[in-house]
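I opened this notebook to record what I looked up in one structure. The entries follow in the order in which I made them.

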Amino acid sequence: MRKLKNILVTGCNGQIGYEVSQLCSQYPWFNFILTNKNTLDITSPDDVKRIFTQYKFDTVINCSAYTAVDKAESEPELANAVNARAIQLLIEYCDFHEANLFHLSTDFVFDGAGNSPYREDAPTNPINVYGKSKLDGEKIALTYPRTFIFRTSWVYSSHGNNFVKTILRLAREKSELRVVNDQIGSPTYAADIADTLLRIATTANHIQQAEIFNYANEGIVSWFDFANKILQLKNINIPIFPIASSEYPTPAKRPSYSVLDSSKIRGRFNLSIPGWQQSLSRCLSKL
């Protein structure tokens, strides 16, 4: 009887971590240790030491992150502690166990000044605290050769707080909606990212060289058009108007263009990446 491989998943209270936890039963030949910020604080040396002492991990899927983009502007130390400094702690223990590290990152490492999909090797230039903290985390993760970084964008799910659920809530509370129309990206269903992470994690042997992969659902859309589609698919009839970002100021500046080029991951792992409208329909069927 072969020994079960242990896979640690952090951040299972978050959107991607939660979706990973929902798929683990499809891989019964792996032993998943599912944790959240209450059971494993990745910024705590004692917590990280305890979990790595208890288990010999083959792979760590780090879904823990500080994702409150606007709040990060007033909490830069906390954002950096979770998104960057904690990664150094994880890789020290991963190195000791010779474990692969899968780390989640974001389109916010780019400034949004481009007008064609960002490849993995495009110059980074974050324009807010959150994006900078995630880029700092990437730089640390890349020092460990057994690392795969997965950048994604505009994540939503049936779980947690996100744009899809916010639009549905506002549609119940308000007589009309106003949504920014000058920020362009690719909405990405957390369940699709989770499926990709597990497919790769459970087939990958020892990673020999740190790499970055982009993963986003196919297609390009504005927040306004995304909101329109959400309402359409849920048969909600409410007036919705496009506005400029300047009419909806936020503490953190957002990239105006953050489309990711996912051709590398699609080719390397022979993936079929769903279109954003198809995945949105699947998510809405759960709400």
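**Entry 1: one residue.** I began with T152, which is buried, with a relative accessible area of 5%. I noted the cut-offs: buried means under 20% relative accessible area, exposed over 50%, and partly exposed in between, with a 1.4 Å probe and protein chains only. T152 lies in strand 5 (residues 147–152). I also recorded how helices and strands are assigned: they are DSSP runs, helices being H or I with at least four residues and strands E with at least two, numbered from the N terminus. Leaving out residues up to four places away in sequence, I found that T152 touches I16, S105, T106, D107, T188, I193, Y215 and L260; contact means heavy atoms within 4.5 Å.

**Entry 2: the source.** This is a predicted model, in which local features need pLDDT of at least 70 and side-chain atom pairs count only at pLDDT 80 or more, while totals for chains, interfaces and linings use all residues. Residues are numbered from 1 along each chain as its sequence is written, and side-chain values use heavy atoms, with hydrogens and water left out.

**Entry 3: the whole chain.** I listed 9 helices and 12 strands in the protein chain. Of its 287 residues, 54% count as buried. The C-alpha trace spans about 60 × 40 × 35 Å along its principal axes. Among contacts between residues at least 6 apart in sequence, 84% join residues at least 24 apart.

**Entry 4: helix 2 and helix 3.** Two packed helices are described by the angle between their axes and the distance between the axes. For helix 2 (residues 45–54) and helix 3 (residues 76–97) I noted an angle of about 20 degrees and axes 10 Å apart. The two helices are therefore roughly parallel to each other; angles under 35 degrees count as roughly parallel, over 145 as roughly antiparallel, 65 to 115 as roughly perpendicular and the rest as oblique. In this contact, P45, V48, K49 and F52 of helix 2 meet L89, L90, Y93, C94 and H97 of helix 3.

**Entry 5: helix 3 and helix 4.** Helix 3 also packs with helix 4 (residues 129–141), at an angle of about 10 degrees and with the axes 9 Å apart. That makes helix 3 roughly parallel to helix 4. Residues of helix 3 in this contact include P76, A79 and N80, and those of helix 4 include V129, Y130 and S133.

Notes. Axes are lines fitted to C-alpha atoms, for helices over the stretch in contact, and angles run from 0 to 180 degrees between N-to-C directions.
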